Amino acid sequence: MVSASSQPAVSRSFPDADSVGSDDIDDLLEPCLEQLALQGPVADPAMLRAMLPDRGARTFVLIELVKFDMAMAAESGQVHRIEHYMRAMPDILTAEAIPLDLLLEEIQLRKEAGETPSRDEYHQRFPQYVDMLSQLSEAAESTASAQKLGPPPEFALGSHIDDFRLIQKLGQGAFAHVYLARQESMQRLVALKLSRGKGDEPQALAQFDHPNIVRVFDQRELTNEKLHLLYMQYVPGGTLADVVKRVRATSFERIGAMLLSCIDSQLLSAAQVVPERSSVREWIAKTPWSTVVAWLGIQLARALQEAHEHGVLHRDVKPANVLLSAEGLPKLADFNVSFAGAAGRAGAAAMFGGSIGYMAPEHLRAIHAHTKVRGECVAEPADIYSLAVLLWELWQGQRPFVTSGVAISWSDCVAQQLASREQPLHEPQRDHSATERVLESTLREALCPDPATRLASGAELAGRLRLALHPQAARLFDPGESSWTTWILNRSPWLVACIVILLPNMAGGAFNYQYNLHEVIGLDRENGLKLVSRWINLTFFPLGTVIVIMFALPLVRAIGAMRSNQPVTGDDLTNTIDFGHRAALIGGSLWLIAGVLFPAIFSIMYDDFTASQAVHFFVSSMICGGVAMIYPFFGMALVSTLVYYPRFVRVAMQDEHFDDRARVIVQRSESYLLIAAIIPLLGAALLVSSASTSRGSMLLAIAAGVLGLLASWKAYHVVAQTWARMSEVLSTQKSVIPGE
């Protein structure tokens with residue numbers, strides 16, 4: 001079902017005045033504006049009294065009706081003064097009770113009519129606003145054109161308008177009607193929106209071909225009837241506003257079947273067929289509610305990302321503007337890119353539109369009469385905030401904040417909403433599942449009052465929410481403060497590198513010295529072995545350490561970016577994944593060089609140093625070099641996979657090269673697993689070829705090699721399994737959510 005205006009028409013009993021806060025304003029005001037749009041401007045201001053709700057914030061509604069009537073009268077050439085309405089309703093409207101935004105409305109309407117209102121006049125009429133008027137009158141803006149916002153005429157079902165035959169009325173607001181119609185030339189069903197005004201909506205939305213944005217086909221202008229026709233994709237499953245009502249009325253455990261129940265009710269009322277076989281609907285029906293909310297949020301966040309990449313802001317994300325297909329797929333509609341969604345809202349409210357219950361703080365400040373915030377401040381993060389409010393309400397059945405007090409003016413409403421944004425969010429009802437933890441933490445980040453620290457894009461929000469669909473993967477990216485991975489993350493990366501890289505090399509060096517001393521060189525030549533070992537170690541270990549430090553700098557830089565909540569660059573991600581491989585290559589290369597240098601130097605030092613001894617020395621060095629390769633590689637592969645990489649991508653939850661990284665690290669793990677398998681074989685070969693009767697050290701080396709092979713196999717399995725699990729939320733090559 002397509003919303004006919006930014007605010008849907010509702011049928012409800014208004015609450016008592018004492019219980020009406022600014023959270024109820026959008027629903028409270030719209031029916032009254034619709035009635036005035038059909039009758040105004042009124043001949044007698046007292047007629048506005050009959051349009052007020054029986055109960056509720058009557059003063060606030062009256063002020064908004066006065067603004068709308070003033071704007072409509074100005075379009076007909078007559079600018080009414082505020083006193084015109086005060087005289088007709090002195091029991092409600094008094095000079096002391098007139099809000100500032102109503103004064104600003106009159107000032108701007110008079111300016112547009114060619115008058116030059118003076119400050120002295122308003123100081124005399126409304127002395128309580130002397131200071132504020134001096135600051136604000138120059139910046140006043142009027143409401144959107146009443147002519148543009150006037151109601152379209154009624155058309156009988158079955159009648160033809162241009163190329164369209166009207167079948168059923170889908171929705172009606174104060175400023176537009178929406179019909180289910182058949183476009184005769186194309187023989188297709190469309191949602192046809194009829195209005196008096198024309199904005200930028202068709203041009204802005206026709207460029208989108210996204211599965212979660214309602215497709216706008218085209219527009220037409222009927223100049224004789226002064227009617228604007230906008231025809232778009234027909235989406236028959238109702239809106240998320242219907243689902244929110246169902247959630248509020250459901251006190252027992254909520255499941256995805258609620259969504260399908262709301263959709264099916266709308267399909268039946270529109271005489272549409274309910275799908276009998278659908279894998280998506282089957283998944284929704286049996287899925288916990290928090291998971292379904294995350295699933296809907298992913299798609300809506302992607303829709304916002306698509307719009308933002310094309311330079312289009314929505315500015316009115318709310319349940320009534322999310323349509324549902326028969327399959328349950330959400331589609332964003334009613335982008336607020338033309339005129340304001342509701343009349344009677346003074347100043348920047350007319351420019352920006354929106355629904356205050358879902359607005360970001362910067363959006364509220366931009367429409368508040370008492371603040372001066374440039375419109376450019378209402379940017380992409382404001383849409384992200386609104387979507388987070390929507391998802392919280394869909395999840396919990398209420399918004400994450402409520403206001404207190406009764407609003408008597410638009411300025412009061414905005415001020416109350418602004419104050420509520422600074423308060424702690426409501427504690428939600430939880431089932432403490434991993435999905436709900438991810439959902440809650442993600443929405444809290446998207447609801448940060450400061451747009452600079454808020455999730456900045458739809459892609460980031462979608463990436464975070466994808467974790468909620470995969471609880472096991474969620475534990476990788478958000479393991480908890482008491483986990484061992486967090487403990488390692490909080491340690492110095494230099495310390496981690498020393499333990500993982502240097503210790504295996506030092507252990508290999510010690511073993512190689514002792515083995516060759518007893519099995520090859522002999523105790524009588526120990527001084528020579530010490531001398532050569534000292535110079536080679538003093539050369540190679542510092543050289544290797546310097547090279548490792550150079551390769552570790554990107555890892556340190558990435559950790560710093562992560563700790564300051566900044567995105568990690570793609571190059572630093574690559575260097576982090578490659579760190580273990582590079583460290584292994586450095587160690588292996590140095591051991592290879594040492595394996596050649598040692599025999600060569602001993603051949604020069606000792607005439608009886610045989611070729612067999614040289615080969616024996618070289619092979620033993622290769623065994624130690626292999627150990628010095630596999631342990632650093634698998635050690636850093638595990639640390640990078642389980643600790644660093646998940647946290648580095650946690651900010652944006654996206655990595656366009658994820659699949660390449662996963663393939664590379666798994667393939668390298670297989671290669672190093674092969675090296676780990678060769679080490680015991682080399683040890684066995686040395687054992688067989690050794691003439692010494694003391695072979696205990698080599699047997700010990702073989703046993704260590706076998707244990708190393710088993711450890712390498714386990715590490716390989718963990719690395720491959722973990723990257724496969726991360727692919728559930730980061731892969732760009734496969735579908736990760738139902739409906740894709």
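Patches are made of residues with over 30% relative accessible area and no salt bridge, in which like charges are joined within 9 Å and nonpolar side chains (Val, Leu, Ile, Met, Phe, Trp, Tyr) within 5 Å. Accessible areas come from the Shrake-Rupley method with a 1.4 Å probe, and for residues only the protein chains shown count as cover. A salt bridge is a side-chain nitrogen of Lys or Arg within 4 Å of a carboxyl oxygen of Asp or Glu. The model examined here is predicted, so local features need pLDDT of at least 70 and side-chain atom pairs count only at pLDDT 80 or more, while totals for chains, interfaces and linings use all residues. Residues are numbered from 1 along each chain as its sequence is written, and side-chain values use heavy atoms, with hydrogens and water left out.

Helices (H or I, at least four residues) and strands (E, at least two) are DSSP runs, numbered from the N terminus. The expected span of a helix is 1.5 Å times one less than its number of residues. Helix α21 covers residues 493-521, and its 29 residues should span 42 Å; the end C-alpha atoms are 39 Å apart, which agrees. A kink of about 35 degrees lies at Leu502, shortly before Pro504; the bend at a residue is the angle between axes fitted to the seven residues ending there and the seven starting there. Just after the helix, Gly522 takes a positive phi of about 100 degrees.

A nonpolar surface patch is formed by Leu495, Ile499, Leu503 and Met506, which together have about 380 Å² of accessible area. An α-helix has 3.6 residues a turn, so residues three or four places apart point the same way. Leu495 is placed in α21 and is partly exposed, with a relative accessible area of 44%. Here, buried means under 20% relative accessible area, exposed over 50%, and partly exposed in between (1.4 Å probe, protein chains only).

Helix α12 has 21 residues and reaches 30 Å from its first C-alpha to its last, close to the expected 30 Å. Of its 21 residues, 19 are buried. Gly311 follows α12 with a positive phi near 75 degrees. Arg315, in the loop between α12 and β7, also has a positive phi, of about 70 degrees, although it is not a glycine.

Turning to charged pairs, a search of the whole structure finds 28 salt bridges. In one of them, the side chains of Glu115 and Arg81 meet at 3.1 Å, N to O. Glu115 lies in the loop between α4 and α5 and Arg81 in the loop between α2 and α3, so the pair ties together parts that are 34 residues apart in sequence. Arg125 forms a salt bridge with Glu83, the closest N and O atoms being 2.7 Å apart. This pair links helix α5, which holds Arg125, to helix α3, which holds Glu83, 42 residues apart. Arg125 is buried at 18% relative accessibility, whereas Glu83 is partly exposed at 22%. These residues belong to a network of salt bridges linking Arg81, Glu83, Glu106, Arg110, Glu115, Glu121 and Arg125.
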